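Please examine the sequence and the three-dimensional structure shown below. The paragraphs that follow lead through selected parts of the fold.

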Amino acid sequence: MKHKEESIWGLFLVPIGKLIEWKTIMIDTYEDYQHINRLGWAQGVSKGWKATSTFGTKELQHSKDLLDPNNWIPWEKVKSVLCLASGGGQQGPLFASLGYNVTVVDFSPEQLAQDQQVADEHGFKIELIESDILDLSLLYGRHFDLVYQPLSAHHVPDVRHVYREVVKVLSPNGYYFVSHWNPIFFQLPLSDESVQWDGKAYRLVRAQKSGELVHCKWETDNGDKIAICHFIHTLSDLIGGLCDLGFVIHHFDEPKGGNRCADPESLEHIASFFPLTFNIFCSKPQTWMK
Ligand SMILES: C[S@@+](CC[C@H](N)C(=O)[O-])C[C@H]1O[C@@H](n2cnc3c(N)ncnc32)[C@H](O)[C@@H]1O
């Protein structure tokens with residue numbers, strides 16, 4: 001399946017025989033970015049990134065607060081939950097601990113295995129489905145009361161496509177909770193491109209254009225090289241895309257935070273200039289006109 005007429009070039013980690021090397025490759029199909037990102041997440045799990053660290057008893061005692069800090073979800077109206085791109089043993093187990101029927105979709109088998117591990121440890125039943133969020137056809141014909149999507153749409157080239165898939169599996173009057181990175185964050189230079197902070201201000205080195213590939217690669221403290229494709233999405237697509245499809249937006253919030261005294265270029269410091277993320281809570285009308 002072609003994503004764009006023109007191809008996007010980038011420098012990525014790719015497997016060459018048994019070795020993994022930096023190589024310039026062309027991203028012109030969904031399969032290409034999928035391959036790179038799945039590899040990246042597998043590496044993330046083996047290295048124990050935060051997004052791959054499972055929740056335990058401590059977090060499971062505060063499930064509602066962690067999932068819904070602003071009290072947006074009408075919990076009594078929800079029975080079935082679809083956690084989208086939420087592998088890692090976090091959101092799925094939190095919902096399961098509250099007694100909900102939970103399905104987790106993620107395209108990383110390693111991330112899904114983390115959910116299975118937490119489910120086994122705590123006696124939860126969680127349905128795990130390995131799939132790309134751009135293709136929820138395995139779920140067509142089923143309808144969930146709540147679709148819950150943590151930060152993840154920046155991993156796919158087309159956020160409106162994700163929204164169209166969500167509509168298909170959401171019950172009439174069903175709710176959609178989605179968190180997004182602020183697109184400005186991806187306009188900053190990457191660490192290998194140039195400095196972000198010039199001593200007085202942050203510098204933006206790329207335009208805010210939907211589908212713009214940010215080839216994020218970095219080196220961990222022990223020298224491991226990691227690459228995962230990120231894509232910029234404009235606010236028109238991230239927020240307007242929901243409105244255009246007929247979703248009703250009930251709540252919107254930009255988590256506060258940030259500290260001007262923190263180390264420049266740290267997330268805390270950047271967050272004192274603009275919100276790093278935002279959350280949207282919306283619903284699909286009973287009568288779907290689109
Ligand atoms: C930042 S993590 C978010 C979930 C994690 N539980 C957390 O709270 O940090 C992003 C997740 O999205 C998944 N993912 C990335 N691209 C995906 C895609 N195209 N389809 C399905 N899952 C995807 C990754 O495997 C990863 O588990």
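Glutamate 265 counts as partly exposed because it has 15 C-beta neighbours inside 10 Å. The terms work as follows: a residue is buried if 20 or more other C-beta atoms lie within 10 Å of its own, exposed if 12 or fewer, and partly exposed in between, with C-beta atoms placed from the backbone. Glutamate 265 lies in the loop between β10 and α8 (267-270), and although it is not a glycine, its phi is positive, about 80°. Most residues other than glycine have a negative phi.

This is a predicted model, in which local features need pLDDT of at least 70 and side-chain atom pairs count only at pLDDT 80 or more, while totals for chains, interfaces and linings use all residues. Residues are numbered from 1 along each chain as its sequence is written.

The protein chain as a whole has eight helices and 11 strands. Helices (H or I, at least four residues) and strands (E, at least two) are DSSP runs, numbered from the N terminus. Of the 290 residues of the protein chain, 32% count as buried. Two residues are in contact if their C-beta atoms, placed from the backbone, lie within 7 Å. Among contacts in the protein chain between residues at least 6 apart in sequence, 67% join residues at least 24 apart.

Alanine 85 is placed in the loop between β3 and α4 (91-97), and it counts as buried because it has 23 C-beta neighbours inside 10 Å. Serine 86 is found in the loop between β3 and α4 as well. With 27 other C-beta atoms within 10 Å, serine 86 is buried. Leaving aside residues up to four places away in sequence, serine 86 touches Gln91, Gly92, Val104, Asp106, Tyr148, Gln149 and Pro150. Serine 86 and serine 108 are 22 residues apart along the chain, and their C-alpha atoms are separated by 9.8 Å.

The next stop is helix α5. The expected span of a helix is 1.5 Å times one less than its number of residues. At 1.5 Å a residue, the 14 residues of helix α5 (residues 109-122) should span 20 Å, and the end C-alpha atoms are 20 Å apart, which agrees. The buried residues of α5 are Gln111, Leu112, Gln114, Asp115, Val118 and Ala119. They cover an arc of only 145° around the axis, which puts them on the same side of α5. Such an arc is that of the directions from the helix axis to the C-beta atoms.

Glutamate 110 has its place in helix α5 and counts as partly exposed because it has 17 C-beta neighbours inside 10 Å. Not counting residues up to four places away in sequence, glutamate 110 touches Trp41, Ala42 and Val45. Glutamate 110 and serine 46 are 64 residues apart in sequence, yet 8.6 Å apart in space, C-alpha to C-alpha. Just after α5, glycine 123 takes a positive phi of about 70°.

Attention now turns to a pair of helices. Two packed helices are described by the angle between their axes and the distance between the axes. The axes of helix α6 (residues 159-169) and helix α7 (residues 235-245) come within 9 Å and cross at roughly 40°. The contact is made by Val159, Arg160, Tyr163, Arg164 and Val167 of α6 and Asp237, Leu238, Gly241, Leu242 and Leu245 of α7. These residues divide into six nonpolar, one polar and three charged. Here Ala, Val, Leu, Ile, Met, Phe, Trp, Tyr, Cys and Pro count as nonpolar, Asp, Glu, Lys and Arg as charged, and the others, Gly among them, as polar. Axes are lines fitted to C-alpha atoms, for helices over the stretch in contact, and angles run from 0 to 180 degrees between N-to-C directions.

Each helix of the pair can also be considered by itself. The buried residues of α6 are Val159, Val162, Tyr163, Glu165, Val166 and Val169. Seen down the axis of α6, these fall within an arc of 160°, so they line one face of the helix. The buried residues of α6 pack against β3 (80-84), β6 (144-149), β7 and α7.

In α7, the buried residues are Asp237, Leu238, Gly241 and Leu242. They cover an arc of only 115° around the axis, which puts them on the same side of α7. The buried residues of α7 pack against α6, β7 (170-181), β10 (248-253) and β11 (277-283). The face of α7 turned away from its buried side carries the exposed residues Gly240 and Cys243. After α7 comes glycine 246, whose phi is positive, near 105°.
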